[in-house]
Amino acid sequence: NDCGALKAAHVGLSIGSGAESSIAAPFTTAQANVLPVTRLLREGRAALSTATATFKFMAMYSMIQAISALRLYDVNATLSDGQFLWVDLLVAIPVAVGMARARPAQRLGRRRPTDRLVSLPVLSSLLGHTLLAIAFQVCVCARVCARARVCVCV
């Protein structure tokens with residue numbers, strides 16, 4: 001184990017029982033083989049995937065809330081603070097907690113997850129989901145207007 005290399009590395013794993021290297025490395029294992037490297041990679045990729053998924057969920061949740069609020073304002077309606085609170089408690093918190101408690105995959109995947117939140121795959125996914133949310137709300141409004149005699153969803 002090279003203490004200087006462990007300090008300079010993006011991710012350092014001290015293998016064995018060297019006291020100096022275990023202080024220099026952010027991750028330490030007492031095993032004298034390289035099997036903990038795959039576990040460290042699985043955990044790291046799971047953390048990266050979870051962070052990306054959480055960002056995408058919170059961004060989408062905010063966009064859907066904003067679109068819904070704008071649609072409600074368009075028809076002179078609004079949700080009260082209490083209603084917004086209940087929506088947050090029943091939707092946002094359980095999903096966020098569920099995503100945070102996700103475990104790493106048993107096998108290491110061939111591709112690593114994206115390491116940038118502002119990237120083409122992430123932003124195109126957000127844009128696509130936003131367009132789907134808008135289309136869904138327009139379709140629901142059109143369906144309600146078709147069943148009602150008076151349409152307020154204009």
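**Exercise 1.** Find the helix that holds W86, then decide: is W86 buried or exposed?

*Solution.* Start with the helix: W86 sits in α4, residues 81-100. Helices here are DSSP runs of H or I with at least four residues, strands are E runs of at least two, and both are numbered from the N terminus. Next, check the cover: W86 has 54% relative accessibility, so it counts as exposed. The cut-offs are under 20% relative accessible area for buried, over 50% for exposed, and partly exposed in between (1.4 Å probe, protein chains only).

A quick note on what you're looking at: this is a predicted model, where local features need pLDDT of at least 70 and side-chain atom pairs count only at pLDDT 80 or more, while totals for chains, interfaces and linings use all residues. Residues are numbered from 1 along each chain as its sequence is written, and side-chain values use heavy atoms, with hydrogens and water left out.

**Exercise 2.** Work out where L40 lies and which residues it touches, not counting those up to four places away in sequence.

*Solution.* Then look at its cover: L40 is at 21% relative accessibility, so it counts as partly exposed. Now the partners: L40 touches V11, L13 and F27, where a contact means heavy atoms within 4.5 Å. Take V11: it is 29 residues from L40 in sequence, with 9.3 Å between their C-alpha atoms.
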